[in-house]
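Subject: Structure for your review

Dear colleague,

Please find below the structure that I am handing over to you. My notes on what was found in it follow directly after.

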Amino acid sequence: MSHRPPSGLAAVSAALLAMSRHLEVRDVLKTIVASARELLDAEYAALGVPDDHGGFAQFVVDGVSDEQWKAIGPLPRQHGILAAMLHGGKTERLADVRKDPRFEGWPSAHPDMSDFLGLPIRDGDETIGALFLANKRCPKPEGVCGFGAEDEELLSILAQHAAIALTNARLYERSRELTIAEERSRLAHELHDAVSQKLFSLRLTAQAAAALVDRDPVRAKGELQQVAALAAEAVDELRAAVVELRPAALDEDGLVATLRTQVQVLDRAHTARVTFGSAGVRALPAAQEEALLRVTQEALHNALRHAEAGHVDVSLARRDGATVLRITDDGRGFEPNATRRAGRHLGLVSMRDRASGVGGRLTVESEPGKGTTIEMEIPGG
């Protein structure tokens, strides 16, 4: 029985730990591919997750630059060696993939590959992906594969753990989808109740104004002013609901770009100055990014709509291994304890729930006449 050196075991352990840290499917795929390429000292590595139409739902590569990947063109189809791994369910170890009878060529911009090691990633009887490496970095005679039996055994172990990580990531994303659906249902119910009440009051007040307009114009004017106020409140309710229901551009743009865009829009839409800055923040799990976005939206709404602030600043930065969101305004402020006792939370309960729900904490500093600072801190980033 062969034994890998301690450094090899440490590398495997580090790879498996890295996989377990990620919950997003694409993050898991990237970690698997990078770990496999590093552990087996290959020039190229890739992992494909098949779809039901002969292509790939996801295809992640390591060792190829972004420019090369764009030049290669569309994602590959399930053919040749890839199809053999996905549908045949067996490991492929080849001295030269180009000489295999199943080889069907590749685009002109594709890097040249010779020796090849690939195997399916399986969850029970289902093949959920294919993991392969090419061009082992080692001296090798002509016609001999640089990847040996030990490499195959190591990649097999990695693939087994990759299957677990991928399955967990899929379950997590499905759970998130269900949570989002439940949140939308709750918001729709709240929207219906809130706006229905406003519109009902609006109709009654308008009817009262119409009845008074001839015999008591002064009172009618007061009722019409109330109509205007109720209409404004209804619009605010609708706007708030739309912000909650509108899918954020987090997946496409990331948290920093999304926050910057929203701040720029608010800065143009309001007389108050709204600014944003960030420093050293890396990508976070989707749930944490969404929580940070929602807390920012709630805090900005409070500062611009209720606090009469002249300047609101949003900042996102790393501090002692954590990501810190800070929203500061120069508005009229409030007494946090008095607000809590009076039952007027200004969304603070919701913000605290969002922070604690992703393992973070939220602090509020405010004083009448001296503005407000809301800080949310979460581990990581």
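Helices (H or I, at least four residues) and strands (E, at least two) are taken as DSSP runs, numbered from the N terminus. By that assignment, G277 belongs to strand β6 (residues 273–279). This is a predicted model, in which local features need pLDDT of at least 70 and side-chain atom pairs count only at pLDDT 80 or more, while totals for chains, interfaces and linings use all residues. Residues are numbered from 1 along each chain as its sequence is written, and side-chain values use heavy atoms, with hydrogens and water left out.

Burial is expressed as relative accessible area: under 20% is buried, over 50% exposed, and in between partly exposed (1.4 Å probe, protein chains only). G277 counts as partly exposed because its relative accessibility is 28%. Leaving aside neighbours within four places in sequence, G277 is in contact (heavy atoms within 4.5 Å) with V314, S315 and L316. From G277 to V314 the C-alpha distance is 6.5 Å, although the two are 37 residues apart in sequence.

A nonpolar core is understood as a set of buried Ala, Val, Leu, Ile, Met, Phe, Trp, Tyr and Cys residues joined through side-chain atoms within 4.5 Å. The largest such core has 32 residues, of which L325, L362 and M376 touch the most other members. The elements giving two or more residues to this core are α7 (250–269), β6, α8, β7 (311–319), β8 (322–329), α10, β9 and β10. Its largest share, 8 residues, comes from α8. Another core, of 29 residues, lies apart from it and includes A42 and F147.

Helix α10 (residues 348–357) has L348, M351 and A355 as its buried residues. Seen down the helix axis, these fall within an arc of 65° (from the directions of the axis to the C-beta atoms), so they line one face of α10. They pack against α8 (286–305), β9 (361–366) and β10 (372–379). Just after α10, G359 takes a positive phi of about 80°.

The structure also holds 5 aromatic pairs. Rings of Phe, Tyr and Trp (its six-membered ring) pair if their centres lie within 6.5 Å; planes under 30 degrees apart count as stacked, over 60 as edge-to-face and the rest as tilted. F59 and W69 form a stacked pair, 6.1 Å centre to centre with 0° between the planes. F59 lies in strand β2 (residues 56–62) and W69 in helix α3 (residues 66–72), so the pair ties together parts 10 residues apart in sequence.

Yours sincerely
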